[in-house]
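Q: Could we go through this structure together? I would like to begin with single residues and then move to the wider picture.

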Amino acid sequence: MALTSKDVSANNQMERCKQLQLFIADHVFSFCKQHNIDVHLAYGSLLGAIRHKGFIPWDDDIDLAMLRKDYQRFLALYSAQDTAPYCLQAFATDPKCPYIFAKVCLDGTHFPLQDGTDPGISIDIFPMDCLPNNKKRLRKGTRRTRLWRQLFISSQLWKAGGQQAGLSARIYSFIRFSLHLALFPIARRVLYKKFVDACRYLRHGECTTVTCLEGSPEHQYKKEWFAKTVLLPFEDRHYPCPTNWDAWLKTRYGNYHELPPEDQRYGHKPLHIDVGPWEHSDPPAY
């Protein structure tokens, strides 16, 4: 069953996609619990759990986060097992994958985006990296990670995403395409290694704060906020969330209780959605 680009704009027609994402999340949480890996809702999904008791109405994905040590264990354990109909997408385990962070996807589905990628119906998993207390090392390291992250992304993707509009979108697309061409001769694994080395440079010495170097490194969180979780309602489920979710959300969104202007309420804007064989049947959650 494929929904057209016009149909996708209606929130009620995203319902099946979101239902399938919940099954993926059930599966990932179950896997992590089985292997003693700490993971919780993050970003828009954490905000949705607190403000909407589920998905943000205009959102179309689920975000999870875990500390780097748990993330590395997750990648190693998950990629070594047969998890069908779920599959892992991450450049760290598959050099053909365009994503610098991890996604767990549902086989047989499609969710093509305006940047040229098609992760299928999936959820995102972000690693949280320790930041050094030494301010000089922090400044130097964050500059490095931002540089190599952007170069890696530009080497993978040559189209701009769907959140820009008008002249800004055309300028951004031109810059992205120009970088893509310039970086074409450089092996992507070289750029990824440079990014990983920059991350390792930051993971040095004492650490009291963490951030997502593969996502939004400008936001920094206290490491202690990741020590414990609490189960909170999300749709008809209960998912782990940081116990100090209020501080987490204020750090990321400021006044998170206030809704954004209507023209800023958008998701990833897929070109279409294809749920494949899962139109009338549910995938296993475990």
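Q: Where is Leu 41 placed?
A: In this predicted model, Leu 41 lies in strand β2, which covers residues 40-41.

Q: Is Leu 41 buried or exposed?
A: Leu 41 counts as buried because its relative accessibility is 0%, and the cut-off for buried is under 20%.

Q: Which residues is Leu 41 in contact with, leaving aside its neighbours within four places in sequence?
A: Its contacts include Phe 29, Leu 46, Ala 49, Ile 62, Asp 63 and Leu 64. Phe 234, Tyr 239, Pro 240, Cys 241 and Pro 242 are also among them.

Q: And what separates the C-alpha atoms of Leu 41 and Ala 65?
A: Those two C-alpha atoms are 6.3 Å apart, although Leu 41 and Ala 65 are 24 residues apart along the chain.

Q: What follows α3?
A: Lys 53 follows the helix, and its phi is positive, near 60°.

Q: Changing topic to another lysine: which helix holds Lys 18?
A: Lys 18 belongs to helix α2, residues 15-34.

Q: What is the nearest side chain of opposite charge to Lys 18?
A: That side chain is Glu 235, at 6.5 Å. Lys 18 is buried, yet it has no salt bridge; a salt bridge would need a side-chain nitrogen within 4 Å of a carboxyl oxygen.

Q: What is Lys 18 in contact with, then, leaving aside its neighbours within four places in sequence?
A: Lys 18 is in contact with Phe 55, Ile 56, Pro 57, Asp 59 and Asp 60.

Q: How many cavities of 30 Å³ or more are found?
A: A search of the whole structure finds two. The largest cavity has a volume of about 100 Å³.

Q: Which residues line the largest cavity?
A: Its lining includes Gln 21, Asp 60, Asp 61, Lys 103, Phe 111 and Leu 113. Pro 119, Gly 120, Ile 121, Ser 122, Asp 124 and His 268 also line it.

Q: One more residue: where is Thr 145, and why does it count as buried?
A: Thr 145 is in helix α5, residues 135-156. It counts as buried because its relative accessibility is 1%. Not counting residues up to four places away in sequence, Thr 145 touches Phe 195, Ala 198, Cys 199, Leu 202 and Leu 213.

Q: Finally, the whole chain: how many helices and strands are there?
A: The chain has eight helices and eleven strands. Of its 286 residues, 50% count as buried.

Q: And what is its accessible surface?
A: The accessible surface comes to about 14,400 Å², and 54% of that belongs to carbon and sulfur atoms.

Key:
Residues numbered from 1 in each chain as written. Predicted model: local features only at pLDDT ≥ 70, side-chain atom pairs only at ≥ 80, totals over all residues. Heavy atoms only, no water. Helix = DSSP H or I, 4+ residues; strand = E, 2+ residues; numbered from the N terminus. Buried < 20%, exposed > 50% of the residue type's maximum accessible area, 1.4 Å probe, protein only. Areas by Shrake-Rupley, 256 points an atom, 1.4 Å probe, with all protein chains shown as cover. Lys, Arg positive; Asp, Glu negative; His and termini not counted. Contact = heavy atoms within 4.5 Å. 1 Å grid on protein atoms, 1.4 Å probe; cavity = no way out; pocket = protein on both sides within 12 Å on 5 of 7 lines; lining within 4 Å. Points joined across faces, edges and corners; volume = space filled by probe spheres on them.
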